Amino acid sequence: MNPAAHVPLPRLSHYVAVAFTTALGVLPVLLVSTHQGGSAAFHLTVLLSIALLWLPAPDGMAKVPISRWLAVGMAVLLVAVFASLAVNGLWKGSEVEKAARLLLTVLILAAALRVPQALLARALLGVLPAIWVAAITIAGMVMESGRRPDTWQFNTVTYGNLTLLLSAMSLLLMGLPLTRFVRTEKLLKLVTGLLGVVIFIWTQTRGGLLAVPCFLLMGMVAMRGRLERVRVASVAALVALAMIWAAHDGALKERITVGMDEYAQCSSGHLADTSICIRLQLWRAALHMAGEAPLFGVGGGDRFRAELAELASEGKVTAFVAAHFGEAHNDFLYFLAAYGTLGALGLILVYLSPALLLLPRLRHCSRHTRLFAACGLSLCCAFAVFGITEMMLRDMRMAAFYAAWVAMMLALSQTAPEPQAAASAAR
């Protein structure tokens, strides 16, 4: 952590900082347990961010400039949405708000940099109750129905992906004591992380498996010493055993086999309303729309549905797909089709601009800095990988979670800059 990690705050600033940290910490819990709680926590975080920036900066805390690269990178998507809606003569307030929430990463980061890191890091404890809530939710559904759970907070794929991401963070955070009960905390993080992996398997979410190598890579890179890497390898082995045990009934294996069969069938030209073939139809449809309107896209929302209906009349997608889907089941293809080339670039920058700031911090001498950076990079990589087979940003709550927690990881992994470096970064 940087030298200002324990800087004392004036009383009012301290209360606001505690509230800010609490709002960040409860965000994942509310995401997995409620329908609107995640948005409420995000709105509260934004208000508290403004309050922290309005209050005088704490004495002794170095002023850290916000990277212009980050600000520009997070703003491109909002510009693309405005441009596309204007050109297409549409207004889609929810899409504008979603892009605006991602841009608010910059505001939340500016506020988080005014909170001592020792206090701000406590928000990371929020992953533990979130995983337990998800475990109770999924286990209850599986035991009651005996089949794949149908979650109501998000669809099952998004819910499973989010649980896996939080589980990876729990395991990464084993190397970061956040309370004075170091051994108990480490054991709780291990048990909770493994539980989350098991629960993810129970959701039978296939696409999320693609992110597992990313999580393992982050852990190996962040841990430098031989003993630390042995511990990472041990945890990886436990994760593998948990996945094997959870999949002992063959449910996930069967879904993977069925998926391969569905892909072969759909690739041969036969359109069917199966899980994989629906995705392939939507991806082809999105690419067709992008080809028709490469610069500004078709506009998203109802316009995307109208385009699907037209493609259904031409026999390029089934009537079922046209009637029941208003997105591409792929973040990148949806933003490309809906908002054009600039929209796709904007989404890439949403993941890339914070990732490029976090990447050099993996080489820092402080283990705390490396692990905070690894958690932040896991967040960026997970959303990017999950977004290949699922539209993670379909819902504004996921955009809010990504914005708030990426900002927090950037603040926690930030080290005190040298005067010269700070001046050059501000230019």
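Reader: What share of the contacts in the protein with a separation of 6 or more is accounted for by residues 24 or more positions apart?

Author: Such residues account for 78% of these contacts, a contact being heavy atoms within 4.5 Å. The model is predicted, so local features need pLDDT of at least 70 and side-chain atom pairs count only at pLDDT 80 or more, while totals for chains, interfaces and linings use all residues. Residues are numbered from 1 along each chain as its sequence is written, and side-chain values use heavy atoms, with hydrogens and water left out.

Reader: How many helices and strands are there in the protein?

Author: The protein has 19 helices and zero strands. Helices (H or I, at least four residues) and strands (E, at least two) are DSSP runs, numbered from the N terminus.

Reader: Why is K98 called buried?

Author: Buried means under 20% relative accessible area, exposed means over 50%, and partly exposed lies in between (1.4 Å probe, protein chains only). K98 has 4% relative accessibility and therefore counts as buried. E95, at 9%, also counts as buried.

Reader: What makes K98 and E95 a salt bridge?

Author: A salt bridge is a side-chain nitrogen of Lys or Arg within 4 Å of a carboxyl oxygen of Asp or Glu. The closest N and O atoms of K98 and E95 are 3.1 Å apart, so the pair forms a salt bridge. Both residues lie in helix α4 (residues 93–103), three residues apart, about one turn of the helix.

Reader: Why are E97 and R101 separated by about one helical turn?

Author: The reason is that E97 and R101 are four residues apart in helix α4. They form a salt bridge, with the closest N and O atoms 2.9 Å apart. E97 counts as partly exposed because its relative accessibility is 31%, whereas R101, at 4%, is buried.

Reader: Is E390 buried or exposed, and why?

Author: E390 counts as buried because its relative accessibility is 1%. Its salt-bridge partner R394 has closest N and O atoms 3.1 Å from it, and R394 is partly exposed, with a relative accessible area of 32%. Both belong to a network of salt bridges that also links R279 and E327.

Reader: Which residues form the nonpolar patch on the surface?

Author: W69, I348, L352, L356 and L359 form the patch, with about 420 Å² of accessible area together. Patches are made of residues with over 30% relative accessible area and no salt bridge; like charges are joined within 9 Å, and nonpolar side chains (Val, Leu, Ile, Met, Phe, Trp, Tyr) within 5 Å. Accessible areas come from the Shrake-Rupley method with a 1.4 Å probe, and for residues only the protein chains shown count as cover. L359 has 45% relative accessibility and so counts as partly exposed.
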